[in-house]
Amino acid sequence: MSGLQCLGEDNIWFEKPRYDEAERRFYEGANGPSTHSHHQSSSASGDQELVSRMKSVELENQGLHKVVEDLRAALFKLENRVRVLERSPAVPCAKAVTVQSVKVEEEEDDDEMDLFGSDEEDEEAERLKEERIAAYAAKKSKKPALIAKSSILLDVKPWDDETDMSKLEECVRSVVADGLLWGQSKLVPVGYGIKKLQIGCVVEDDKVGTDLLEEEITKFEDYVQSVDVAAFNKI
């Protein structure tokens, strides 16, 4: 058999691509997924990131458009206002300047007048002050003064149990003085059938005192043995 016939019958070399493909698949199965699939997944994630960035850029563009529109509207209003001001006459400004100058002149005149009239104003203020003080003093003098008063309870003792207590009380109440007002009375047992007269009164401190009451009551010596102050209270 010749060499050409041997090559024609042998089919190993003609099927080499199939063996290479089988070998590649074997190694891909042993080493995990191919780099081609990994590259595809990376590409997909990159596309998603690009899409999200584009969306954010669109939102920012929308916000910028709104800001620009607001600025345009404000600028339009400002231009209209400037036009109105340019068309308005300038007379009010001149009028304002004239009014201000008149006010300044009036203030200067007032200052000059004050220089000569300060003494008269001081005299007038002093006179008004004196009148107010006099009016206050007159008003205060018309008010009634506070009168100091006291409540006094007296024990008037008789000589014995035969003393006429009604007559004794009549004698006590006969004592009259300016600022003296007699009150209620009662008989209080002392002992051995003897009773004392306990009588109250209200006095003005500046006019009537306890010494005066004792002195006047003890003058009725036919009925009164002694006079004692049982209670003394300021009102």
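Predicted model: local features only at pLDDT ≥ 70, side-chain atom pairs only at ≥ 80, totals over all residues.
Core first. The largest nonpolar core has 18 residues. Which of them touch the most other members? Leu-154, Val-156, Val-172, Leu-180, Trp-182, Leu-213 and Ile-217 do. Now the elements behind this core. Strand S3 gives the most, four residues.

Take Leu-180 as a close-up. Leave out its neighbours within four places in sequence. Leu-180 is then in contact with Val-175, Cys-201, Val-202, Val-203, Val-208 and Leu-213. Leu-213 is, like Leu-180, one of the residues touching the most other core members.

Next, the cysteines. Cys-201 has a relative accessible area of 2%, so it counts as buried. Cys-171 is at 9%, and it is buried too, because the cut-off is under 20%. How many disulfides are there? The count is zero. For the record, a disulfide is a covalent bond between the sulfur atoms of two cysteines.

Glu-204 is found in strand S3. Is Glu-204 buried or exposed? Its relative accessible area is 16%, so Glu-204 is buried. The cut-off for that is under 20%. What does Glu-204 contact, leaving aside neighbours within four places in sequence? Ile-147, Ala-148, Lys-149 and Gly-179.

How values were computed. Residues numbered from 1 in each chain as written. Heavy atoms only, no water. Core = buried A, V, L, I, M, F, W, Y, C linked by side-chain atoms within 4.5 Å. Buried < 20%, exposed > 50% of the residue type's maximum accessible area, 1.4 Å probe, protein only. Helix = DSSP H or I, 4+ residues; strand = E, 2+ residues; numbered from the N terminus. Contact = heavy atoms within 4.5 Å. Disulfide = S-S within 2.5 Å.
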